[in-house]
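Colleague: Please take a close look at a single part of this model and describe its surroundings. I would then welcome a word on any aromatic pairing elsewhere.

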Amino acid sequence: TPVEVTVMEAKPTTAPMAVDGIGHVYALRTVSVRSQVDGVLKKTFFKEGDLVREGQPLVLIDPDSYKAKLDEAISTLARDRVTAAQAKRDWLRYKDLVAQAVISQLDYEQKRTAYEQDVEQVRVDEASVADARVNLGYCSINAPCTGVAGLQQYKTGNLIKSTDYIIVTINQIEPINVQFSVDEKYLPDICSYAAK
């Protein structure tokens, strides 16, 4: 079904009332950028006062140690997957042997338990890989919004800690907020025109 549209012609007109007042301009949003990992600030991709776009790289914290931790976690996961696969083969072989009464039920249960432990260890390793991948991702800090970069508190070469103060503040100025204060004596007239 067609949507009903109301059209009005835009034309200049004189405002019914002009009031002088003091206006304050302030950012729509102010974001304090902090690090979520510890490390040396390796690169800075902006200058103070630059207009940065959302998603634009701001700084890079040295990722080498986090890359090494990810590589280690991936290797541990691969090793434990192989161990779990062997434990499964042993368990299945013992399953046949216990059915033939060649081995004891206790030996069979030990193999099954070993396999289950190895499967759980693989799950722990998968979580370690995911955690290491997240921490490596935190080494690259991008602009959370489009705005003007303020004073950079930490310069390239500084050691950054996740508990430290703000690296830089981004002030979103498009759109921008303006707040006006007017004399109280004009308020009744402003309210009456606003109601119309």
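Modeller: Ser35 touches Ile61, Ile141, Ile160, Ser162 and Ile167, where residues up to four places away in sequence are not counted and contact means heavy atoms within 4.5 Å. This is a predicted model, in which local features need pLDDT of at least 70 and side-chain atom pairs count only at pLDDT 80 or more, while totals for chains, interfaces and linings use all residues. Residues are numbered from 1 along each chain as its sequence is written, and side-chain values use heavy atoms, without hydrogens or water.

Ser35 belongs to the loop between strand S1 (22–33) and strand S2 (39–44); strands (E, at least two residues) and helices (H or I, at least four) are DSSP runs numbered from the N terminus. With a relative accessibility of 5%, Ser35 is buried (under 20% relative accessible area; exposed is over 50% and partly exposed in between, with a 1.4 Å probe and protein chains only). Its side chain reaches the backbone oxygen of Val37 at 2.5 Å.

As for aromatic pairing, one pair is found in the whole structure. The ring centres of Trp91 and Tyr115 are 5.3 Å apart and the planes meet at 10 degrees, so this pair is stacked (centres within 6.5 Å, with the six-membered ring used for Trp; planes under 30 degrees apart are stacked, over 60 edge-to-face and the rest tilted). Because Trp91 lies in helix H1 (residues 64–99) and Tyr115 in helix H2 (residues 105–137), the pair ties together parts 24 residues apart in sequence. Trp91 is buried at 15% relative accessible area, and Tyr115 is likewise buried, at 18%.

Technical notes
Polar contact = N/O pair within 3.5 Å; in protein donor to acceptor, adjacent residues only side chain to side chain.
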